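Dear colleague,

Please look at the sequence and the model first, and then read the notes below.

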Amino acid sequence: MTSSHDALYRAICAHPDEDTPRLAFADLIDENGENRRAAFIRTQIALARLPAYDPGWVSVRQHDPAVATGWCMTEQLPKPPSPGCEWNRFEFRRGFPWKIGVRSLAAFLESGDAVFDMAPIQAIDLDPRDRPDLASLSEWPHLTRLHRLTFSTGWFGPTDVARLAESPHISNVTELGFEFESISSEGLGALAASPLFGRLKALELSANNFPPALLIDALGAAPSAGELSRLSLPNNRVDRNDAEALFRLPALQDLQHLDVSDNPLAGEGIRELAESGIVRGLRTLNLSRTRPGVPGVKALTEAGGLAGLRLLDLSHNALGPTAVKAVAACSGFRGLRVLNLSNNHVHDSGGVSLAGSSALAGLLELDLCETGIGDTGALALAESPHLNHLIRLDLRTRSGRAFGDAARAALIERFGDRVCL
């Protein structure tokens, strides 16, 4: 490696929030023949400024999805990692590794500062085989270099959480994730009531091992949403009986991104969401595997205040043509850019409804993977007067061949490499 190469890489690690040294590094390696890596860095830097429904992201998902995750750059992962950590949970952001899996927190803290010389790490994912000592983490001065912490085990109570929240080194952490047995309901309540919660921009609570009523009570300790704009609550067994209390919590009122996937909300729960007013501020909404049925879909489409919604995920809900027709007819969805209806019973009649929808004319991405659409629906999509802006149309099936020659030819003629078959 040249001295310029090494100096720029050290600058990237020392100033991970800055793009200038990353772009200079990309220019240098481009001149030295590493064109693919240079393009990857520039693309990821550009994507970091864009929401998931932007044309740039949609184009990457269609034409080069590995760029989104960084899996195409695994050979660039530094070797070996520092003691106590491994690249089993790595993630690239802005062209370089951003997150690392911590196998043993105790071992990591002893020499964890070395990881920041190895890569511009700003997030750690605590391994579920290790019960982290939050007291030690709270006292670690290099905690100030992190933006995200994710825990999978520990069953942290209020004392543990309060110690972390009161750490003088946690001021830059704006994203937290807890899954499985990582936090107790009392610990979550302590977090919600702490000043740290007010600074969070993203919170993920996934598959937590306590009743949903306790989750709702715990989040109710937060007097307001603070800075929180992204909340993910997948697989927490929240059902129709919990929905009204959940969606009226102060902590949820200013969200821009909400994920309640894998919760059996059913039609009644979706109606509570629609009537709560939360949807008026949302940009993205994930309702995958929530079992809304026709009543839930109609409640959502008739709610009003959907003009700001840009991404809607209704996948894996066993929705049939009637529900799809309600989606297609919703004038409130004129702002949608990404619509995921994959793994539903859309069939030909649903495909015809989507093709004829002027309300969906702004779509950039339409996912109809595994939806039972046949030649009639495919031809309707190919001949649609409205789907002129699509960058990505996914019609794939497990069999790999759902359409006859005429339908396939029509789709390819209309959409070219923008269609997945």
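This is a predicted model: local features need pLDDT of at least 70, side-chain atom pairs count only at pLDDT 80 or more; totals for chains, interfaces and linings use all residues.

Salt bridges

The structure holds 22 salt bridges, and three of them are described here. In one of them Glu 365 pairs with Arg 61, and the closest N and O atoms of the two are 2.6 Å apart. This pair links distant parts of the chain, with Glu 365 in strand 12 (residues 365-367) and Arg 61 in helix 4 (residues 55-63), 304 residues apart. The two partners can also be described by their accessibility: Glu 365 is buried, at a relative accessible area of 5%, while Arg 61 counts as partly exposed, at 24%.

Glu 175 forms a salt bridge with Arg 148, where the closest N and O atoms are 3.1 Å apart. Because Glu 175 belongs to strand 5 and Arg 148 to strand 4, the pair ties together parts that are 27 residues apart in sequence. Glu 175 is buried, with a relative accessible area of 15%, and Arg 148 is buried as well, with a value of 13%.

Glu 91 forms a salt bridge with Arg 93, with 3.3 Å between the closest N and O atoms. Here Glu 91 is partly exposed at 24% relative accessibility, and Arg 93 is partly exposed with a relative accessible area of 32%. Which residues are linked with Glu 91 and Arg 93 in a network of salt bridges? Besides these two, the network takes in Arg 89, Lys 99, Asp 125, Arg 148, Glu 175 and Glu 204, so that the pair of Glu 175 and Arg 148, which ties strand 5 to strand 4, has both its residues in this network.

Cysteines

How many disulfides does the count come to? The count is zero. The sulfur of Cys 72 has its closest cysteine sulfur in Cys 420, at 17 Å, and is therefore too far away for a bond; a disulfide would need the two sulfur atoms within 2.5 Å. Cys 72 is buried, with a relative accessible area of 17%. Cys 85 is likewise in no disulfide, since the nearest cysteine sulfur, that of Cys 13, is 13 Å away, and Cys 85 counts as buried at 2% relative accessibility.

Helix 10

Helix 10 covers residues 185-193, and its buried residues are Ser 185, Gly 187, Leu 188, Gly 189, Leu 191 and Ala 192. These buried residues pack against several elements, among them strand 4 (148-156) and strand 5 (175-183), and also against helix 9 (158-165) and helix 12 (212-219).

Two single residues

Asn 340 lies in strand 11 (residues 338-340) and is buried, with a relative accessible area of 16%. The side chains of Asn 340 and Ser 342 are joined by a polar contact of 2.8 Å. When neighbours within four places in sequence are left aside, Asn 340 is in contact with Leu 312, Asp 313, Leu 314, Ser 315 and Asp 367.

Gly 33, finally, sits in the loop between helix 2 (20-31) and helix 3 (35-48), where Gly 33 is partly exposed, with a relative accessible area of 48%. Gly 33 and Pro 21 are twelve residues apart in sequence, and their C-alpha atoms are 18 Å apart in space.

Key: Residues are numbered from 1 along each chain as its sequence is written. Side-chain values use heavy atoms; hydrogens and water are left out. Helices (H or I, at least four residues) and strands (E, at least two) are DSSP runs, numbered from the N terminus. Buried means under 20% relative accessible area, exposed over 50%, partly exposed in between (1.4 Å probe, protein chains only). Contact means heavy atoms within 4.5 Å. A salt bridge is a side-chain nitrogen of Lys or Arg within 4 Å of a carboxyl oxygen of Asp or Glu. A polar contact is a pair of N or O atoms within 3.5 Å; within protein, one must be able to donate a hydrogen and the other to accept it, and residues adjacent in sequence count only if both atoms are side-chain atoms.
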